[in-house]
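Morning, everyone. Please bring up the model on your screens, and we will walk through it together.

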Amino acid sequence: VTSELSLTSFGDVNTTQLRQDSTYLSSTLSNLLNLLQDLANFVDTIQKKPKKTAQEDKIGRYLLDTMAALPEPTGLEEDMQDRLQALLMVIYLANLTKFQMDVSDHIQLAG
């Protein structure tokens, strides 16, 4: 009975899928950081040009303002870790509740 409960209660959590999602998220964030670095380099290049066109100056200022509004990468990583931990806790508690309900149903059927 216990192994049956264990399989039905915790079989819903696909740890492989969570690992794949985590790997994908890590890859995507790394790619995003690389793109932001490229953008910062582009803005620096435009700012260092001795003669800028009005359009280049306008685009450079817009991109610089946009980048200034972004959170620091370290803060973003911590925020993502906190959210991931919260999500895993919710999954754990949901499965624990489901397991307790299954145990209760089995006890009522047996008694």
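Four helices and zero strands: that is the secondary structure of the chain. Helices here are DSSP runs of H or I with at least four residues, strands are E runs of at least two, and both are numbered from the N terminus. Read from the N terminus on, the elements go α-α-α-α.

A word on the source. This is a predicted model, where local features need pLDDT of at least 70, side-chain atom pairs count only at pLDDT 80 or more, and totals for chains, interfaces and linings use all residues. Residues are numbered from 1 along each chain as its sequence is written, and side-chain values use heavy atoms, with hydrogens and water left out.

Now the whole chain. The chain has 111 residues, and 8% of them are buried. Buried means under 20% relative accessible area, exposed means over 50%, and partly exposed is in between, with a 1.4 Å probe and protein chains only. The accessible surface of the chain is about 9100 Å². Carbon and sulfur atoms hold 60% of that surface. These areas come from the Shrake-Rupley method with a 1.4 Å probe; for residues, only the protein chains shown count as cover.

Next, contacts, meaning heavy atoms within 4.5 Å. Take those between residues at least 6 apart in sequence: 78% of them join residues at least 24 apart.

Let's zoom in on helix H3, residues 54-68, where Gly60 sits. Is Gly60 buried or exposed? Gly60 counts as buried because its relative accessible area is 6%. Between the C-alpha atoms of Gly60 and Leu39 there are 9.8 Å, and the two residues are 21 apart along the chain.

On to helix H4, residues 73-110, which holds Leu84. Leu84 has 34% relative accessibility, so it is partly exposed. Together with Leu87 and Leu88, Leu84 makes a nonpolar surface patch of about 230 Å². Patch residues have over 30% relative accessible area and no salt bridge; like charges are joined within 9 Å, nonpolar side chains (Val, Leu, Ile, Met, Phe, Trp, Tyr) within 5 Å.

Last topic: salt bridges. The rule asks for a side-chain nitrogen of Lys or Arg within 4 Å of a carboxyl oxygen of Asp or Glu. How many salt bridges does that give? One. Arg83 pairs with Asp79, and their closest N and O atoms are 3.1 Å apart. Both partners lie in helix H4, four residues apart, about one turn of the helix. Arg83 is exposed, because its relative accessible area is 55%. Asp79 is at 33%, so Asp79 is partly exposed.
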